[in-house]
Amino acid sequence: MTVATNTWFTRYFTDNTYDEMFSPDLSVKGNWKELLENFKRIGIDGLNQRQNDIDWLLEENGVTYNVYNDPNGLNRPWNLNVIPFLLHADEWQQIEKGLKQRAELLNLVLKDIYGERRLIKEGVVPHEVIYGHRGFLRQCDKIHYKLDKHLLLYAADLARGSDGRMWVVNDRSQAPSGMGYALENRSTTNRVLSDVFVDMNVRRLSEFFKEFNDLLVEASPEKIENPNIVILTPGSHNETYFEHAYLASFLGYPLVQGNDLVVREGNLYMKSLKGLKRVHVVLRRVDDIFTDPLELREDSHLGVAGLLDVVRRNNVAIVNPIGSGVLENPGLIPFMPAICRFFLNEPLVLPQIASWWCGQEKEKSYVLENLHNLVIKPIDRTNREHIHFGSLMSKAELEKLKNEIQRKPYHFVAQERISFSTAPNFTKGSFEPRNMVARTFTIAGKKGYNVMPGGLVRVAPDRNTLRVSNQRGGTSKDFWIIDPDRTEETPSFNWNRRSAIAVNGLADLPSLTAENLYWAGRYVGRTLVNARFLRMVLKQTNATESVPQEDCSVKLNILYKAVTQMTGTYPGFMEKREDGTYAMSNPLEEIFDVILNRERLGSLAHTMRMFSSSYYSIRNLWSSDMWRVFETIQKIWRNLENEKDLTVTKLIKALNQLITRLIAFMGLIEESIMVEQGLLLYFIGLQLEHSSLTITKCRALLVNKQAGQTEYEILEALLSSHESLNIYRYSYRSFIRVEPVINLMLMDLKYPRSLTFLLGRLQKDIARLPHSQRSDTLTQYEKNVFEAFSKLRLASSESLAMTKNSESYLREELDDLLEELSELLFQTSQSITNTYFNHTYKQSQLVDQNFSI
Amino acid sequence: MLYTVSHTTTYNYDAPVSYCHNIAVLKPRKSPGQELLQYKMQISPEADEISERVDFFGNYITRFSIQKEHKELKVTTVSKLERDYDSQRESFRSEACTAITLEQARKTLQKTEADILEAKQFVLESIFIRHWGENIREYAKKSFTPGRSVFEAAEELMQRIYVDFDFVSGFTSVSTPINEVMQERKGVCQDFAQIAIACIRSIGLPARYISGYIETLPPPGREKLVGADASHAWFSIFIPGFGWVDFDPTNNQIPGNQHLVTGWGRDYYDVPPLKGVVYGSGRSKLNVEVDIARIS
């Protein structure tokens, strides 16, 4: 090590037994030398810069991780450290061999326990380890699968044990997460550290993902060229939702939720815009017991009723099969050597963490005596909140745990407290040792199991923490397998992917995605129109504050009431509240509330929230530019919410920013998503929302005739909130009068913001929906829009502008027309919803049984 | 004894159901001293698709789905059964059964013969019978004393439950925790069976839940009312070295020819007569009618 790099490690002392980079004599090990040489070339400032680039890229791409039970934990940015984790190909070869062996073993265990159960009958595994595990689903007993391998996807967490070898610490088998993050980490480091990457002969991942795609295709129970494959997610609140969306768009398969799927006549179907479409393979990220509310957990809304029966009939393949959660079972660990001898007649290749199953007398007494030094887990709940660290427990807690173990010994396993090895992490300009765990991925291939050359490495959040978990805010690393010789460059991701869904376009769009796009359109439209309207009202308030005139207050009263009508935040300015107070007595307070109160239905904050969540749930369709603008919008809003000393001027400024970004965002949507991907639904939602709000706005401001100057000012306010003042001046070159305003806002055929124009476009768009093209008769929603459009075309602005007689202030004809149009658009929305998104049948149980399995 | 059992379950919905998937455990299983001669299931509206399989415990599971809109679901089964349980009942009283003490039973349970391995899973906690408290263990230990015959202890446990617990329908539901039932000391046949099972498991012996019917006889001189019979539940204890022995704590008797078996499992969860997932927005009203006619 040179002097230059020596100073990098002044803080890098480790009292740990094993460091990945340094030998005990402080010399740098094998490939790490090369990495350090590269880093030396880059320099500390360079490394800082590259770390910033990584952070920026991840944020740009919206790579996130949700943390449960943390209000601020939703969409937390993913952390990736600039320093990768290195492993030499020689060491990897042995690990790979071990992982293949373990995958095969667990596969045989899975086959056996849902089949003959020889392991139990011949005394290799005690029955409690299986029957006492809540993941053993008796409903899955004796299911016959067409595939040779039952375990299709297997993840193992590895950590380096005290003997310097990599040990298996966890098995993950039902819906292992991390593959997508590993891929994203690789694609990020590949961009930021491309020079180092190439120099060091890092093994590529592309072949593995091709094999993974092959696995999904081959899993289809019917041998057809393009089986329909879907990715089943629990939804956007799931901790690894980003990854589900990422894999869906990477592999080119639709991302669906339980609601998108339905079982009919023994087959699984996806509800698409056109109708039902048969599904052959489900890559699921929903846990076993939630996959079928009919046979498994009855209150689950994440699965599909009847799915297990489709599996039994071999009409669909689930990756991994339902029931594989029983392998996530530390109770099996002590018996793995025996299982290995039983099935394969060979020793285990990979060492495992030392484990004692308390179902055996001798082991139990050892555990009870040494509880304070051990880590205790239930055999069937391996997530962190059920793990007890003896060394961190009080006497009373230890006593309580002892009682629990005594009461149900077979349910507990104790494990040795292992001191993970440390790997270097780049933190605030220097290197720190951090405890690490590596997750590896193994998949079933045509010729046995294949292992991802790399994986997902996670390190502890700080140098003192022993445990590693993303839920605790850890960070991740790319995992590099270093080949001694230059390997042949394999072209990346060029395999022939033909997604049947993409081929058939709009008709096959999952209806939940379609619905989300439709609502995205509606909410973005509503946010924009209301933000503009509120901005206008705030400006008017500001301008008239200094000149309190009678006319002004009449005008403002009308505008304030319009705010309530546009946002639907009744009673608002329309009438007194239940407690007798009246918003008119403090209009600014009410307007601030209508903008900022996120709990209030119809408020701008609430609309923004709906807009965000509808966008988030279709994020697999997004481009990275869209993500960036979306983030800026969120930031503007967060800043506004955190502003302590809020004034009208500051609010107007924030609304200005918001409006500009929204427009940019809308422009991006139009060029980033294809009509076949569902953009059409977004447009339909957007046009409908714009049309409805234009109607509401005109009803609030035009229906009642005002006296002279007030009428002028109201018309001007209306045009300005509609961003139409300049067009009006250009088109009419006249003093603002009601008749031409009605003409411009409602009847103009060429002006894109006029209602007639909007409805004309809506008419064209809805004609492209799958059901519209079925016959010569119009669908209900087409009839509605056609009627609305015709009514407008048949009206004349001259008579709309008139009142009944000179005493009357009500423009009755205008009022009637707008009311009819409003009703027709409401029905249009209903009809579209019923025709295309109606998966909203409430699911309930025949017998109410709310209990957990 | 020859019986015809008809069992009708009706669900009335106040809003239309667009489709539903259901599972029924209504077809009587293979069981000692009992033979199924005829069986018929009728579903209204007609099921679009129906299948039958044998589950992990050997029960018949019928799965069906209805895809047309409906406001009423009616499932009727008619089973013709021959039941002759006399020799079983006699064998329970034999020396081979009654002589086995608690200590012997526990020791035999350590063996690895097929039937013992098979029975052992019924010692473990199950979905409805779990987290039993110390009070349940204490209650069990009063009967299961050292050196005592397991049969006698189980019979006494049945008697005590019969005496100590009140039959109150509507107080509990399928998901009422056993500890609560133990505390309140009231419930229906399912609860009593599950309490007994929890007690037996708490002292380390296997016990299972049996679902079926019981023929009720009218008071002398009166005619039997249609629908007066009911679905019923009781328990069975595994006495290692002998086998399974049935007890009915609701009626304080060892089941005989009037007890007809439908299925068994670890607890009610494994053998609910009818369950399902319905898609619709309404609430439902349930009506169950069971009629047991003695043919000879």
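In this predicted model, helix H9 of chain A (residues 241-251) is mostly covered, with 8 of its 11 residues buried. The buried set is made up of A:Tyr241, A:Phe242, A:Glu243, A:His244, A:Ala245, A:Tyr246, A:Leu247 and A:Ala248. What do these buried residues of H9(A) pack against? Their neighbours are strand S1 (64-65), helix H6 (179-192), strand S6 (229-232) and strand S7 (255-256), again in chain A. Just past the end of H9(A) comes A:Gly252, with a positive phi of about 80°.

Next, the meeting of the two chains. Here 30 residues of chain A are in contact with 27 residues of chain B. On the chain A side, the elements that supply two or more residues are helix H4 (118-121), helix H5 (127-131), strand S8 (261-264) and strand S22 (843-845).

Chain B itself is split by the domain assignment into domain 1 (2-82 + 272-294) and domain 2 (86-269). Taken over C-alpha atoms, the centres of these two domains of chain B are separated by 26 Å. Contact between them involves 20 residues of domain 1 and 15 residues of domain 2. On the domain 1 side, strand S1 (2-24) and strand S13 (284-294) of chain B are the elements that give two or more residues. S13(B) provides the largest share, 5 residues. The class count for this side of domain 1 is 12 nonpolar, 4 polar and 4 charged.

As for nonpolar cores, the largest has 225 residues, and those with the most contacts inside it are A:Val319, B:Ala154, B:Ala196, B:Ile200, B:Phe235 and B:Ile237. Helix H3 of chain A (residues 89-113) contributes the largest share of this core, 10 residues.

Back in chain B, 4 strands form an open sheet with the order S10-S9-S8-S11 and antiparallel pairing. Strand S10 (243-247) and strand S11 (259-265) of chain B sit at the edges with a single partner strand each, so one side of each has no neighbour in the sheet. On average, neighbouring strands here are turned by 35° against each other, direction ignored. Strands S8 (residues 207-214) and S9 (residues 230-239) of chain B run antiparallel and are joined by 8 bridges. One of the paired positions puts B:Tyr213 with B:Ser231 in S9(B). Two helices of chain B pack on this sheet. Helix H6 (residues 150-164) touches S9 and S10 of chain B, and its direction makes about 25° with that of S10(B). Helix H8 (residues 189-202) touches S8, S9 and S10 of chain B, with its direction at about 10° to that of S9(B).

Methods: Residues are numbered from 1 along each chain as its sequence is written. Chains are lettered from A and ligands numbered from 1 in the order in which they are written. This is a predicted model: local features need pLDDT of at least 70, side-chain atom pairs count only at pLDDT 80 or more; totals for chains, interfaces and linings use all residues. Two residues are in contact if their C-beta atoms, placed from the backbone, lie within 7 Å. A residue is buried if 20 or more other C-beta atoms lie within 10 Å of its own, exposed if 12 or fewer, and partly exposed in between; C-beta atoms are placed from the backbone. Domain bounds come from an automatic or database domain assignment. Ala, Val, Leu, Ile, Met, Phe, Trp, Tyr, Cys and Pro count as nonpolar, Asp, Glu, Lys and Arg as charged, and the others, Gly among them, as polar. A nonpolar core is a set of buried Ala, Val, Leu, Ile, Met, Phe, Trp, Tyr and Cys residues joined through C-beta atoms within 7 Å. Two strands pair if DSSP finds at least two bridges between them. Axes are lines fitted to C-alpha atoms, for helices over the stretch in contact, and angles run from 0 to 180 degrees between N-to-C directions.
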